[in-house]
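The report that follows is meant for a reader who is meeting this structure for the first time. It goes through the strands, the helices beside them and the aromatic rings in turn.

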Amino acid sequence: MSDSERLQRIEDRQAIRDLLASYCYRIAAAEIDAVLALFAEDSVVEILGDRYEGEAGLRALYTASFPVEPKPLLHNHLLESLDPTSARGRSVFEIRQVRDGQPETSLGCYADTFTKRDGVWKFQRRVFAFY
């Protein structure tokens, strides 16, 4: 592996970490358009047996979640594979929110597939698996 390939790999890994952090900050701020911008146009999110596809599906999912003011926290990010335009990884999530005036905490794992399009890393697929 050349030095330039090694440097690109490091930059890609950091860009994916930044994507994950941006997701948490955008969700916490209830910035729906900024959240959607982190996903590829043909992306899929799976949660609790439901599947949300493309911008319309994701907009419905995240708009419905914002009333409980979710605050996601990520832990133990593991990048399992990385090539120049795609990657796979997992991270543990902790989501704190308030429903009907009562605090809730959810724990689980995101299984993510990432895609690099026009030089920018985005979510291609995100699966929520609750513990």
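In this predicted model, Ser86 has Thr115 of strand β5 as its bridge partner. The two strands concerned, β4 (residues 86–99) and β5 (residues 102–117), run antiparallel and are joined by 14 bridges. In general, the strands of a sheet pair through backbone hydrogen bonds, either parallel or antiparallel.

The pair β4 and β5 belongs to an open sheet of six strands, whose order is β2-β1-β6-β5-β4-β3 and whose pairing is mixed. At its edges are β2 (50–53) and β3 (71–82), each of which pairs on one side only. From one strand to the next, the twist averages 20 degrees.

Two helices can be described against this sheet. Helix α1 (residues 3–28) packs on the sheet and touches β1 (39–47), β3, β4, β5 and β6 (120–130), with a direction that makes about 155 degrees with that of β3. Helix α3, in turn, lies across β1, β2 and β6 and runs at about 45 degrees to β1.

Within helix α3 (residues 54–65) is Thr63, which counts as partly exposed because its relative accessibility is 44%. The side chain of Thr63 reaches the backbone oxygen of Arg59 at 2.7 Å. Thr63 and Leu20 are 43 residues apart along the chain, and their C-alpha atoms are separated by 19 Å.

Which kinds of aromatic pair does Tyr62 form with Tyr23 and with Phe39? A search of the whole structure finds twelve aromatic pairs, and two of them are set out here.

| Pair | Distance of centres | Angle of planes | Kind |
|---|---|---|---|
| Tyr23 and Tyr62 | 6.1 Å | 75 degrees | edge-to-face |
| Phe39 and Tyr62 | 6.0 Å | 40 degrees | tilted |

The pair of Tyr23 and Tyr62 links helix α1 with helix α3, across 39 residues of the chain. Phe39 lies in strand β1 and Tyr62 in helix α3, so their pair ties together parts that are 23 residues apart in sequence. Tyr23 and Tyr62 are buried, and Phe39 is buried as well.

Conventions
Residues numbered from 1 in each chain as written. Predicted model: local features only at pLDDT ≥ 70, side-chain atom pairs only at ≥ 80, totals over all residues. Heavy atoms only, no water. Helix = DSSP H or I, 4+ residues; strand = E, 2+ residues; numbered from the N terminus. Buried < 20%, exposed > 50% of the residue type's maximum accessible area, 1.4 Å probe, protein only. Polar contact = N/O pair within 3.5 Å; in protein donor to acceptor, adjacent residues only side chain to side chain. Pairing = 2+ DSSP bridges. Axes fitted to C-alpha atoms, helices over the stretch in contact; angles between N-to-C directions. Contact = heavy atoms within 4.5 Å. Phe/Tyr/Trp six-rings, centres within 6.5 Å; stacked < 30°, edge-to-face > 60°.
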